[in-house]
Amino acid sequence: MPGFRGYIFSRKIDSNFIPQRVQNLVIKDYCERSNLFFKLSATEYKMSKSYLMLNTILKEIQKIDGIVFHSLFMLPENKKDRHKIYDKILNNKKQLHFSLEEIKLIKSVDIKKIEDIYQIKNSSKKL
């Protein structure tokens, strides 16, 4: 049965360590409130800038309805890499959700909102 695969980190998210259990609880609660069928989460490896588990999920994207990240700040820092993910999701008519921020990517116009938030975060870090 298709559903939404959770995606969590075992490393820091935006300079904060969030226990995997907490990440899963946030995703599960978001899925329940959004009427999404939640499948178990894939946990990314701890190595810095590793996206092996995310790439594995993306390779099998046809078998699920989409991915629910704990936070949008788990996306790669490189804009080009983020856009590859957006394209993969949209080209396969799937969805990408960010449970902490309660934001979703369903249409190409949703990319701007995500990128705007990402830019604001990066700009504030420089202050």
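**A walk from helix 3 to the cores**

Helix 3 has 13 residues. From its first C-alpha to its last it reaches 18 Å, close to the 18 Å expected at 1.5 Å a residue. That expected span is 1.5 Å times one less than the number of residues. Helices (H or I, at least four residues) and strands (E, at least two) are DSSP runs, numbered from the N terminus.

This is a predicted model, in which local features need pLDDT of at least 70 and side-chain atom pairs count only at pLDDT 80 or more, while totals for chains, interfaces and linings use all residues. Residues are numbered from 1 along each chain as its sequence is written, and side-chain values use heavy atoms, with hydrogens and water left out.

Stay with helix 3. Its buried residues are Arg 82, Ile 85, Tyr 86 and Ile 89. Buried means under 20% relative accessible area, exposed over 50%, and partly exposed in between (1.4 Å probe, protein chains only). Seen down the helix axis, the buried residues of helix 3 fall within an arc of 100°, so they line one face. The arc is that of the directions from the helix axis to the C-beta atoms. An α-helix has 3.6 residues a turn, so residues three or four places apart point the same way. On the other side of helix 3, Lys 80, Lys 84 and Asn 91 are exposed.

Now look at the two ends. At the start of helix 3, a side-chain oxygen of Asn 78 reaches to within 2.8 Å of the backbone nitrogen of Lys 80. Just after the helix, Lys 93 takes a positive phi of about 55°.

Helix 1 has 14 residues and reaches 20 Å from first C-alpha to last, close to the 20 Å expected at 1.5 Å a residue. Gln 23, Ile 27, Tyr 30 and Cys 31 are its buried residues. They fall within an arc of 100° seen down the axis, so they line one face of helix 1. Arg 21 and Glu 32 are exposed on the other side. The buried residues of helix 1 pack against strand 1, strand 2 (38-43), strand 3, strand 4 and strand 5. Asn 35 follows helix 1, and its phi is positive, near 55°.

Next come the strands. Four of the five residues of strand 1 are buried, so strand 1 is largely enclosed by the rest of the structure. Strand 1 and strand 2 run parallel, joined by five bridges. Two strands pair if DSSP finds at least two bridges between them. Phe 4 stands opposite Phe 38 in strand 2.

Arg 11 is buried, with a relative accessible area of 10%. Its C-alpha atom is separated by 5.1 Å from that of Lys 46, 35 residues apart along the chain. The side chain of Arg 11 reaches the backbone oxygen of Tyr 45 at 2.8 Å. The side chain of Arg 11 also reaches the backbone oxygen of Ser 50 at 2.8 Å. Ser 15 is found in the loop between strand 1 and helix 1 too. At 57% relative accessibility, Ser 15 counts as exposed. Its phi is near 70°, a positive value in a residue other than glycine.

Nonpolar side chains tend to be buried together in soluble globular proteins. A nonpolar core is a set of buried Ala, Val, Leu, Ile, Met, Phe, Trp, Tyr and Cys residues joined through side-chain atoms within 4.5 Å. The largest nonpolar core here has 27 residues. Tyr 7, Ile 67, Phe 69 and Leu 96 have the most contacts inside it. Among the elements that give two or more residues to this core are helix 2 (52-59), helix 3 (79-91) and helix 4 (110-125). A second, separate core of seven residues includes Phe 4, Ile 8, Cys 31 and Val 68.

Finish at strand 4, where His 97 is found. At 3% relative accessibility, His 97 counts as buried. Not counting residues up to four places away in sequence, His 97 touches residues including Phe 4, Tyr 30, Val 68 and Phe 69. Contact means heavy atoms within 4.5 Å.

Technical notes
A polar contact is a pair of N or O atoms within 3.5 Å; within protein, one must be able to donate a hydrogen and the other to accept it, and residues adjacent in sequence count only if both atoms are side-chain atoms.
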